[in-house]
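This report describes one protein chain in plain terms. Please look at the model before reading on.

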Amino acid sequence: MIAADGAHSKIRPYLTDLKPIYSGILMLEGNVSNAEKSAPHIKELIKDGKIMAFGNHKNLLLGQKGSGELGFYASFRTNENWAQESGLNFSDPKQILEWFKKEYPEWSSIWYELFENATAPFIPRPIYYMPLDQVWKTQSNLTLLGDAAHVMPPFAGEGANMAMLDALELSQCLTSDQFSTLHEAISHYETQMRQRAAEATKESLENGDKMHSETALTTMLEFFSGH
Ligand SMILES: Cc1cc2nc3c(=O)[nH]c(=O)nc-3n(C[C@H](O)[C@H](O)[C@H](O)COP(=O)(O)OP(=O)(O)OC[C@H]3O[C@@H](n4cnc5c(N)ncnc54)[C@H](O)[C@@H]3O)c2cc1C
């Protein structure tokens with residue numbers, strides 16, 4: 001069995017008791033369909049690409065999708081149960097706009113267009129990661145890949161890439177002549193996968209800290225100009 005059932009995998013507990021850890025950051029997701037018509041000013045700004053807007057400890061991340069839809073996230077530090085405790089109705093864009101004005105008070109009104117025209121409901125996504133030093137005893141009939149194995153914050157853009165690489169490397173191990181048993185093949189895959197995922201998780205945690213710091217804007221400008 002290969003468990004590829006995401007961050008809250010039902011299969012993972014058969015391999016390990018280690019659970020995802022809350023990162024302290026929550027991303028509130030919204031989507032604007034037909035952005036050309038419903039959010040023309042943002043559409044003009046984004047130029048079919050991406051926008052990362054940084055403020056004091058908070059940010060807005062936007063991406064143009066192929067479908068003409070604009071996806072966006074308000075990302076900020078809060079507690080894990082914020083969605084339940086906030087009292088907000090995530091199906092009511094007007095309420096979420098008022099929340100944005102209150103929580104992002106220094107931000108330009110240009111962003112309001114996103115909240116005014118978003119398709120309800122907004123989706124609160126608390127961001128999790130797996131322990132960097134996680135290890136479990138290999139089994140010969142069960143393994144994990146993707147977020148089930150190593151959910152991480154999205155701030156290095158590596159989660160989906162890691163999941164696909166896991167699938168490739170696992171298939172190579174399972175079909176290779178190098179291993180005489182399934183146990184050996186899975187053990188090799190898991191060792192490499194955990195090490196690779198731990199490095200990406202560390203990077204995504206560090207980037208998350210930078211992006212939600214007091215000096216996020218200058219830090220991120222330096223970060224990008226260094227590449
Ligand atoms: C806000 C945000 C932004 C992100 N941005 C990026 C990015 O820019 N770049 C990047 O590489 N990654 C990004 N990621 C991470 C990326 O989305 C995940 O790492 C990736 O989706 C993991 O893929 P997966 O297949 O392991 O898990 P998932 O995508 O969670 O897929 C698991 C699937 O299993 C299904 N499932 C669960 N249980 C069962 C069951 N019992 N029976 C049948 N099916 C089941 C679920 O319905 C789901 O379809 C982001 C994540 C978030 C939250």
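A charge sits over a ring if NZ of Lys or CZ of Arg is within 6 Å of the ring centre and within 35 degrees of the ring normal. By that rule, the charged end of arginine 194 sits over the ring of tryptophan 136, 4.6 Å from the ring centre. Lysine 58 lies over the face of tyrosine 104, at 5.7 Å from the centre of that ring.

The model is predicted, so local features need pLDDT of at least 70 and side-chain atom pairs count only at pLDDT 80 or more, while totals for chains, interfaces and linings use all residues. Residues are numbered from 1 along each chain as its sequence is written, and side-chain values use heavy atoms, with hydrogens and water left out.

## The chain as a whole

The chain has 9 helices and 7 strands. Helices (H or I, at least four residues) and strands (E, at least two) are DSSP runs, numbered from the N terminus. Along its principal axes, the C-alpha trace spans about 65 × 40 × 35 Å.

A residue is buried under 20% relative accessible area, exposed over 50%, and partly exposed in between (1.4 Å probe, protein chains only). Of the 227 residues in the chain, 45% are buried. The chain exposes about 12100 Å², and carbon and sulfur atoms supply 53% of this area. Accessible areas come from the Shrake-Rupley method with a 1.4 Å probe; for residues, only the protein chains shown count as cover.

Contact means heavy atoms within 4.5 Å. Among contacts in the chain with a separation of 6 or more, 70% are between residues 24 or more positions apart.

There are 19 positive and 29 negative side chains, and the centres of the two sets lie 3 Å apart. Here Lys and Arg count as positive and Asp and Glu as negative, while His and the chain ends are not counted. The place of a charge is taken as NZ of Lys, CZ of Arg, CG of Asp or CD of Glu.

## Aromatic rings

A pair of aromatic rings is described by the distance of the centres and the angle of the planes. Rings of Phe, Tyr and Trp (its six-membered ring) pair if their centres lie within 6.5 Å; planes under 30 degrees apart count as stacked, over 60 as edge-to-face and the rest as tilted. The count by this rule comes to 16 aromatic pairs. In one of them, the ring centres of phenylalanine 100 and tyrosine 112 are 6.2 Å apart and the planes stand at 85°, so this pair is edge-to-face. Because phenylalanine 100 lies in helix α4 (residues 93-103) and tyrosine 112 in helix α5 (residues 112-116), the pair ties together parts that are 12 residues apart in sequence.

Phenylalanine 100 counts as buried, at 0% relative accessibility. Ring pairs link both residues into a cluster whose members include Phe72, Trp82, Phe90, Trp99, Tyr104 and Phe122.

What does asparagine 207 touch, not counting residues up to four places away in sequence? Asparagine 207 touches Phe155, Ala156 and Phe223. With neighbours within four places left aside, serine 204 is in contact with Met152, Pro153, Phe155 and Ala156. Serine 204 and glutamate 69 are 135 residues apart in sequence, and their C-alpha atoms are 26 Å apart in space.

The table lists relative accessible areas for several residues.

| Residue | Relative accessible area | Class |
|---|---|---|
| Asparagine 207 | 5% | buried |
| Serine 204 | 0% | buried |
| Proline 124 | 22% | partly exposed |
| Asparagine 34 | 44% | partly exposed |
| Aspartate 48 | 57% | exposed |

## Prolines and backbone angles

Proline 124 is in strand β6 (residues 123-129). Apart from neighbours within four places in sequence, its contacts are Leu26, Met27, Leu28, Trp82, Ala83 and Phe90. The C-alpha atoms of proline 124 and serine 75 are separated by 9.7 Å, though the two residues are 49 residues apart along the chain.

Most residues other than glycine have a negative phi, and most peptide bonds are trans. The peptide bond from alanine 120 to proline 121 is cis, with omega near 0°. Proline 121 is in the loop between α5 and β6.

Asparagine 34 has a positive phi, near 45°, and is found in the loop between β2 (21-32) and α1 (35-38). Aspartate 48 has a positive phi near 60°; this residue is in the loop between α2 (40-46) and β3 (50-54).
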